[in-house]
Structures are given as C-alpha cells and as structure tokens.
Amino acid sequence: MPRYVCVHGHFYQPPRENPWLESIEIQESASPWHDWNERVTSECYSRNTASRILDDRGDIRKICNNYSRMSFDMGPTLLSWMEKGAPLCYQNILNADMIGLQRFSGHGPALAQVYNHIIMPLANRRDKETQVKWGIGDFRSRFDRMPEGMWLAETAVDTETLEVLAENGIRFTILAPRQADSVRSLEDGPNAWRDVKWEKIDTSLAYRCDLPSGKQIAVFFYDGQISQAIAFGGLLNNGGDFANRLTEARPNTDRSTLSHTATDGESYGHHHDHGDMALAYCLETIESGYDAQLTVYGEFLEHNPPQYAVRIVEKSSWSCIHGVERWRSDCGCSNGTPGYHQRWRAPLREAMDWLRDKLLMQFEHEGAKFLKDPWKARNDYIAVILDRSRPFVERWIAQRAVRPLSPEDCTRVLKLLEIQRCAMLMYTSCGWFFDEISGLEGTQILRYAERAIGLTHDLIGLNFETEFLRLLEKAPSNVPEFVNGKRVYEALVKPSRVSFERLAAHCGMSALFPDFPLEIKGCWSLTGKTTASGKSGENGESQVFAAGEAEVADEITWEKKEFVFAASYRGGVSAICGVAPRRETPQKPLKTLLEDPDALKKFFSVPSGGEMAEYFGSHIFSIRHILSDSQRTLLDKLLRHDAQLIENNLRTVVHSYDDLLEYLTSLGVKAPSIIGTSASIVLTADIIHGLEEDIPDIESVRRHMERAQQWNISIDSERVGFTASTWLTRQVHKIHDAPADSAEIEQACDVLRLFLDEFKLRLSLYDAQNLYYATELDLRAQAAPPSPELRATLRKLGRLLRFSDEALRDTRS
C-alpha cells in the first residue's frame, strides 16, 4: 500500500508593533536588521521560497519553493507584517499554496492558525471563538479559500477548543503524540478504549475525535522522535539523512501509512543555518527517488478517513510536559537562563485575566448602546482589521449599528473594538514562554494591556491602571533593577506610549529640517503647515526656528486633534518643540509667534525655558521624544556633516603618512594602531564611495583594496561586503528587467570577479541569485532562445553567481 510523507512547519512571529503606532520600531537585539521580523524573514521565510539544491561541487543546481511541497501554517500577525514588510516573500508564499493545490489533488498546503497565538485552554469561550473566527477570516482574505485545518498555538488543546474548531468548519488539527490519551477502533464498541498515553499512539493514521456536541474533528499526531531530531538532534545537517529517516519510519504494510513531522518552521533556516536547503534536498529526493509520495494532511484525510477514535489529554501542549502550566505558573519549563525563576507568570496571568474581565464588562455595556450584537461585531471585526479604508469601515459599522451613528459615535465604536483587539493581543503566548517578564515578549503584551487601559480611560473615564499595577507588583522580576512587573511597566512600557501631542511635535521638528519626512509608518496621518519661520546667527551660533499648525489623525479610530507648535534648532542635536491645542482664537502671545517671524526669532534668541512652559505647559519635546525610527533618521542627517568632516580630516592625515606606510611595509613592520585604524576607516570609506555609484569605478576600488593588502590594513569587510552585495542586487535587477543589455551584465561580472576571485571577500549573493534564476526562467519561457552572444554573457554571469552547468543549460540552444 502507498507510503506517504508530510513535513509540517509552524511559521510564526508574535505581534511586535508598537500598539500606538501599528508599526514595528527598531529592535537593537536584531541588528544588523531593523527588527526580528526582518531578521527571521531573511534567515528563514524568504529562504524557503527560494531554497538551493546544490550539486557535488557546491554550485546551484535548482532553486525550489519549499512551501509548495510541504504542509505549513503561517500566523496572521506575521503575514500582516509580511504583506508590507516583505511583499515578495509574502507573494511567493501565497503562490506556493496555489501550486500545492494542483500538486495535492485540490488540497492546499497552507493551514490557518488561531489569530494571535493565545493558549486556547486558558481562554474563555468567547475569546476562543474570536480567535478561531479571526484566524479563518485572515486566512480566507489571503489564500482565497476556506482552511481545512487549523494550528493551535503550542498545540495547546482542550475539548472546548476542538468544539469551537468544529463549529467553524475546521476539519482537522495537529497535536503532539503525548497529547493522545486513548484510542479505539470505530468497528469496536464505545467502551473498547486502549491507553496510548506517553506517546504510545500510532502516528501513521488520522484519528476521529467525537465531541460532546455530536460534532467530530480529525486529529493527526505527528512523529515525535523525528520531529525532535529535526529541531534539536541535528537531522538537518544532511538532507539525504532527513529523507531516509522519513521514508524508513513507516515500512510497507497492508494499509496506507503517513510519516509526518511538525516543528517550528523557523528550524528551516533561522534556528539551523541552511536548514531550508536540507528540507529542499529532502523533499526533492523523496519526490524523485523513493517509494513514497509527498502529501499534505487534507489530501491524506480525503483518501484515508479515520478508522480509529481518539480521546485527547485535556489542557495539554507540545512544549510543556506539565500541560499548559508554562503559561500560568513556575512549572520548571523554561529556556534555561541560569538562576532565573518564573514566579512572575502566575501574577502576570492574574493581572491580565482581571483586566480582560473588566474590559469585557465595559464592552458589553457600552457596545449595546451602538451595536445590535456587540459580540458578533467583535467576531466580525477581522474584516475591519484587514481593510481600514474609510468607505468600507463606514459600511461595516452601518450594517451593525442600532441606528445611524454620528462620526463621534463611530469613533466610540472603533475604540471599543480596538480595546477588545488589544485584549486579544495581550494574551500572545510568547509573553509567558520565555524566562523573564522584562524581555521583549513580556513587555510587548504589557504594551497591549496599557493601550487597552488608555483607550478605556479616554472613552469612559475609568482608570484600570492603578489596580492593574497593584497586581503586577506581585510579579517578581529576575532583573534587580526592575524588581517587579509594576516597575517593568513603568520603565519599559509607558515610555513607548505615543500621544497626539508627541506626534504634533514630530510635525514641528519636520518644519525645521526640509528633508526630514513628515510621514511616519503606521496608523497616523500627520499634516503640518508652517506659518512663520526664519534663521539667525547671533553669538556665533546658527539657529533655525519655525511655528505653525499641525493636524494629527488616528486612522484606526478616526479621532483627530489640531495643534499649534513653535520649534527651534541650535545646531548639533539641540532641537526643541512646544505644542498646544489649536483654538479658533488663540491667546495673543501665541498668535504673535505663529504670525510674526521677528517675534518668533526674539522668543528663541535666548534660553527661554520659562516662557516655553508658560506657552506650552508640559508639552515641550526634544529629539529624545520623537519616534525611535524617525529619531534615528534625523540623527543620521544631523551628524552626517560631522562624520564627513572627520572622514576628510582623517584622509588628509593618512595621505601624509603614505610614504611611512610604504616604508613600514618594505620592512615587514605593522603600522602603529592609531595610524592603521585611521587608514582602515579611510580606505573602507573610499571603497564604499566607489561602489555607491551606478557605474562603479572598478579600477579605483581595486587600487584601494590593493593598497589595504599592501599596507596590511584590515578594512571593514562586513560594510564593504554589504555595500557590494547591495549594488550587485540592484544591478541584477536591472538585468532582469532588460536582459539584452550586455554592458550591464559585464559590469556585474567585473564586480563579482573583483570581490570573489581577486580579493576573496564574502558577499551575500542570495537576492542576486534569485533574480538571475528568474531571468533564466523568463528567457526560457520565450518562444525564441536568446542570441548565442547574449546566452554566453549570461552564462558567464551565472557561473560567477555559482550556478551549475546543469542549471544554466537551455535545451533549446
């Protein structure tokens, strides 16, 4: 009978957006990437859309989209970011599901996921329903079909969760083998249960779980030993061994069998370097050379319906041997930071549960004033999360409102629903999974709690923060300076809050610097108008000042406020901006500042902290207060002149030591560190400047590289390699758009020869290789082959990009 193989990857990142901005701010721990989503996408998600299969010499034989041949689920919080943050990767994943639908008899490889990875057995019934409905709604909007299966966060399960899945049309889910309690043949009586606890279940079958409501759902239990070997046992060190292990796990029998694994998808590239390539080689090998067939769960279930019933272990999961205690107690499951406890978990869960219940009461009470059915509106709110366009949201509200609503009432409705969305996001499982409450994950869920508290106070006037902080005070931190959850909240959560006034100050800062962008990423619309401005140079200082009006609009809740501002820049990083609410008839002193440049100049001509406070109260901001990404951009611009000045001065110094460096080289003596470091900075800068041109000066770059070698100076190879790789990607993109331009191809070849062959510098060829491979496929799809001359030039580039002869062979030539 047929043997089937299915590899499942659970791909997920928690919501990382600042809840006030709906965009991810820079995360230094992910450096050199902007944030962890970018980093893991680069190391894993994108890699699996274009994974390499190499020949015996290490050259690329084929590039594969792994997602089209495996089973996978991808979290809505990841896909919502990826749609804008990594659109090519996003589209390739959607395409993979369409390809898989054809490959697997109309069953797509993609599964849905509960919306934001909450531990379902610890949620109340309403939250379970919303999580499933939002997960399905998000999936349908992206993959344009109903999901057959749904992944449960941490595979955490109880019977009520399975009931909710079945009620919403989900056919199956995937669990760990230790989550099976007992099984019986459907041909046997209702009491013929056989104990299979502690991973004694046969994982090669699909099982039927009969639910108290009379509904049923299929359950697959993955092979625990192979999955463990993938994640922690080194099985991804060799794709051939991976294929052998999968196919040998289920020998031929008198029935169809399924050998299947489930791990975090990040195993394939992020946790294990080149794990995507091991997966690609494994799938390719099985598909082309084994007596086994690749499949996905939906296809296997269609041809092999369950013959056995199963009972699950209630409140169990795949990553906590104590059930679901990892997300509510100090059970001993942790990431193993020496000396750390997790006694903070229970008080954090208690605080969140208390806040959730308070928010639910207010939602039900306040929502009934505007909505026919507040709970149904909450379940339907996924449509608004996916489409924030004003006309759509207006129609959506009108269909559910008890009466025609004013714009102010629409804002109240949207705030109520956003409070509930934050109440969902504050239960993201990662907040409890790791070792310390003050980590990125713990502070992130506290930010969602703070956002819900703030919106509730704005909307209803109730202050839930005092009691919430009292509960958090019971959560002890492992970090001495934080002491407890209350201190973590005050030190790491509240500073990330973004107010209307803070954004108005952003408008004011942008009025001082013409090339500083007014726009910001996220959910806010900023409009600024400068009404008075000028420059001065008294006391040897150059000063810029501006005053004007700013409009700040929240595009999610439709709330809008207007301000006036006055801002000044004195050079360096000294900038200040005061903001105040805009009134129809502003106070006379403030009106004068807004209209009279001379008055504004006088106002800022001397230190005027007292006058600033008199005009603007506590709403006075500096560069320290603007949004972190904008702050980084502004500081780069402000310090660029100084950095260039230092670089030029160093260049003058280094050139004055040319003869000395030549002489030291002839003696075999290394230059003194201060001279060598200066030379490294200058030579690195000169090489990078040469590569930043559209047509790089190859000979100039070569001279600088040769000089660094000759003087025994270590250049910053990482920066040079990054710049060269970036140029190369742009160049191959040009070639992809216009492959007949031989001159562009030759330039790319020259750069590759210079850095790879002559100077053995490490470049990131990944994006350039993908573009080149796409160019090859496009040319082969054309009716007529390219000319022999173009074919030869492209082949030369392909070999430099490490493609094999087999990959470059055009059978039409």
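Here is a short chat about a helix pair and a sheet in this predicted model.

Local features here need pLDDT of at least 70 and side-chain atom pairs pLDDT 80 or more, while totals for chains, interfaces and linings use all residues. Residues count from 1 along each chain as its sequence is written, and side-chain values use heavy atoms, leaving out hydrogens and water.

Reader: Are α17 and α18 oblique or roughly parallel to each other?
Author: Helices (H or I, at least four residues) and strands (E, at least two) are DSSP runs, numbered from the N terminus. The axes of α17 (residues 465-472) and α18 (residues 485-493) come within 6 Å and cross at roughly 125 degrees; axes are lines fitted to C-alpha atoms, for helices over the stretch in contact, with angles from 0 to 180 degrees between N-to-C directions. Under 35 degrees is roughly parallel, over 145 roughly antiparallel, 65 to 115 roughly perpendicular and the rest oblique. So this pair is oblique.

Reader: Which residues in α18 does α17 meet?
Author: Contact means heavy atoms within 4.5 Å. From α17 come Glu 465, Phe 468, Leu 469 and Leu 472, and they meet Gly 485, Lys 486, Tyr 489 and Glu 490 in α18.

Reader: Which strands stand at the edges of the sheet?
Author: Strands pair if DSSP finds at least two bridges between them. The open sheet runs β15-β16-β17-β18-β19 with antiparallel pairing. Each edge strand has a single partner, so one side of it lacks a neighbour in the sheet: these are β15 (524-536) and β19 (620-622).

Reader: Which residue in β19 does Cys 577 stand opposite?
Author: β18 (residues 575-581) pairs with β19 in the antiparallel sense over three bridges. Opposite Cys 577 stands Phe 621.
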